[in-house]
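Subject: Handing over a structure, with notes

Dear colleague,

Please find below the structure that I promised to pass on to you.

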Protein chains: 2
Amino acid sequence: MSALPPLNRRDGRPTLAIVGATGAVGTVMLDILSTRTDVWGDIRLIASPRSAGKKLRVRGEELEVVALSEEAFEGVDIAMFDVPDEVSAQWAPVAAAKGAVAVDNSGAFRMDADVPLVVPEVNPDQAKNRPRGIISNPNCTTLSMIVALGALHREYTLRELVVSSYQAASGAGQPGVDALREQIAKVAGDTTLGTQAGDVRRVIGDTGPFPAPLALNVVPWAGSLKDGGWSSEELKVRNESRKILGLPGLRVNATCVRVPVVTTHSLTVHAVFESEVDQARAQAVLAEAPGVVLCDDPANYEFPTPADVVGTDPTWVGRVRRSLDDPNALDLFLCGDNLRKGAALNTAQIAELVAEEFTER
Amino acid sequence: MSALPPLNRRDGRPTLAIVGATGAVGTVMLDILSTRTDVWGDIRLIASPRSAGKKLRVRGEELEVVALSEEAFEGVDIAMFDVPDEVSAQWAPVAAAKGAVAVDNSGAFRMDADVPLVVPEVNPDQAKNRPRGIISNPNCTTLSMIVALGALHREYTLRELVVSSYQAASGAGQPGVDALREQIAKVAGDTTLGTQAGDVRRVIGDTGPFPAPLALNVVPWAGSLKDGGWSSEELKVRNESRKILGLPGLRVNATCVRVPVVTTHSLTVHAVFESEVDQARAQAVLAEAPGVVLCDDPANYEFPTPADVVGTDPTWVGRVRRSLDDPNALDLFLCGDNLRKGAALNTAQIAELVAEEFTER
């Protein structure tokens, strides 16, 4: 315990640990915690031994990063994890065994029947149903649409989703962002590129974490290959939407495509409901939904785009149209910052939900 | 007639006029005519008076551009038009009145009941059914998917399509390409852009022909606003697919989105059929279909991307998956060069179909 800074429980408020504090999402998390209403006693920053000793600012204080270890969870009430799946799989149960509630942003526990998958605007009650002491945070692509769809589901009852994604480079972490910026620098200024097969590929060379060039291109792949030609990302959208909405029979087919955008995922959604929909009513439902911004006035070119949404908290929705064939179907375009609501913000919101239990005690 | 070069009918083969020879599609057309089997007698290049006198190469010959006028169609058997809607609306009937068959790539006549909308791999017989002497070429977005969907329709009978597009800048013509290249030059090298709302918009300034920045962004808009919040581009995908396939009741909902790609449109399609589908059989149907290339081995990262497809003739299809919910549905990802099959190539193929009638005489 000698290496750990002492915990000073302020006003009896819960102690928070951030595991993976130095990563891309961890950095956004520190920013988010510094701007949201502060419900926390002490905050402890945890990362790999390589980052231990590093100093980071949160809530205006400078804190020293400590190495991930069993003792690091001593006295911690809530531990947020943003680390690779295998690190979460090993360490979230350790945190839970030490008495902390683990809020995990990896894919390790999302489909575990004993781990709730929580979006505070959609299924907040599930946060209390955590037999393993672990709560999962959904994948960023699911999170870019589920708050808006949850609101429409409460009004009309969802039956089917057809989803196509326009996913940002930062979904592949900082290496994804670096690769996109390098590729854009390589293709900039050339007035012939993108006109002959393979010319962009030749100039870009190494495609980084992506299986094809991303600058001046789109790449219909994210994740790993699963049965039937589906990608893991596409199955996450399906399985996580079903679990969060509590609809195990929801029909969901997704195609996930990476686009040359730094941060903020966009999605088109064709949503079919059990009851008849109305464009104006659907727009009103979305406009009133917490965590959702309706941006839908195409006559004045008002619709969400990643460049206008990045860095903001809500899910933005536009292009709300009733299907021309099916009175029960809507077509939508949505944007959400994949590092904020898609990762750090939703994790922080879950942690705050749990923190309320401490206040209620 | 004094300004017109004389026509030398070679071997009795039909005379072709290219109206809009100096435009983006016209330029690709001259390239395509120079590489395909040459079925033409004389070729006459026609453009606005501003371009008259300009010399362009086609089939290895240098030809002088003549100004658009009634006399320019004198002796012409087939006239291909790639000009704005209002120019086609005025001049295609003039060409037809002069005895030429007009093959028009504008939107002016596509939904005219007396004008067939032809894709030679799908509905070649319709080319003969032209009471007004005009044949229309479909919109580039429809053309990027319809050859592959036509092949699947012959096998399984289409019932419904949900389409999302990833449309290239050149769909907005050369100004679209120029704007994208300028925008990419402006954002290249900056390692902070794309992380705060509005930062890309501020650096780019004028967004050119697009209603929002296109570099480091995607824009859910193409065309003009129609009833119910639909864009004209989305309704074209719907109405043209129905007409080409001869399925007036086909359910089609499309969302059209512009992406920072120079040329080649990509599409995700969720296609529902009347009969049960099989992944391997669907792949075989696509692999055997004329004008289609199956590129579908995700284990080896083989799927079509615009950077690999641009400059080629076929429709490329990958990510062929059977729906996990509906045994009658397939999910696909398609790419097609919007200037070639999406415009010039299909127009040339229609003109060649008509040219066969001259040979048959």
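Two rings of Phe, Tyr or Trp (for Trp, its six-membered ring) are said to pair if their centres lie within 6.5 Å, and a pair counts as stacked if the planes are under 30 degrees apart, as edge-to-face if they are over 60 degrees apart, and as tilted for the rest. By that definition, Tyr166(A), Phe333(A), Tyr166(B) and Phe333(B) form one aromatic cluster.

Before going further, please keep in mind that this is a predicted model, in which local features need pLDDT of at least 70 and side-chain atom pairs count only at pLDDT 80 or more, while totals for chains, interfaces and linings use all residues. Residues are numbered from 1 along each chain as its sequence is written, chains are lettered from A and ligands numbered from 1 in the order in which they are written, and side-chain values use heavy atoms, with hydrogens and water left out.

**Aromatic rings**

Over all chains, the structure holds eleven aromatic pairs. One of them joins Tyr166(B) and Phe333(B), which are edge-to-face, with 6.2 Å from centre to centre and 70° between the planes. Buried means under 20% relative accessible area, exposed means over 50%, and partly exposed is in between (1.4 Å probe, protein chains only). Tyr166(B) is buried at 0%, and Phe333(B) is buried at 0% as well.

A charge sits over a ring if NZ of Lys or CZ of Arg is within 6 Å of the ring centre and within 35 degrees of the ring normal. The charged end of Arg321(A) is placed in this way over the ring of Trp230(B), 4.7 Å from its centre, and Arg321(B) lies over the face of Trp230(A), at 4.6 Å from the ring centre.

**Annotated positions in chain A**

UniProt positions are given in the numbering used here, with feature names shortened, and the annotations may be inferred rather than shown by experiment. The unreviewed UniProt entry has a "binding site" annotation that covers Arg110(A), a residue in the loop between strand S6 (101-104) and strand S7 (134-136) of chain A. Arg110(A) is buried, at 5% relative accessibility. Contact means heavy atoms within 4.5 Å, and, leaving aside neighbours within four places in sequence, the residues in contact with Arg110(A) include Asn105(A), Lys236(A) and Glu240(A).

The unreviewed entry also places the feature "binding site" at several other residues, among them Gly23(A) and Ser51(A). Gly23(A) lies in the loop between strand S1 (16-19) and helix H1 (24-35) of chain A and is partly exposed, at 28% relative accessibility. Ser51(A), by contrast, is buried at 7%; its place is in the loop between strand S2 (43-47) and strand S3 (55-58) of chain A.

**Chain A as a whole**

Chain A has nine helices and 13 strands, and buried residues make up 62% of its 361 residues.

Methods
Helices (H or I, at least four residues) and strands (E, at least two) are DSSP runs, numbered from the N terminus.
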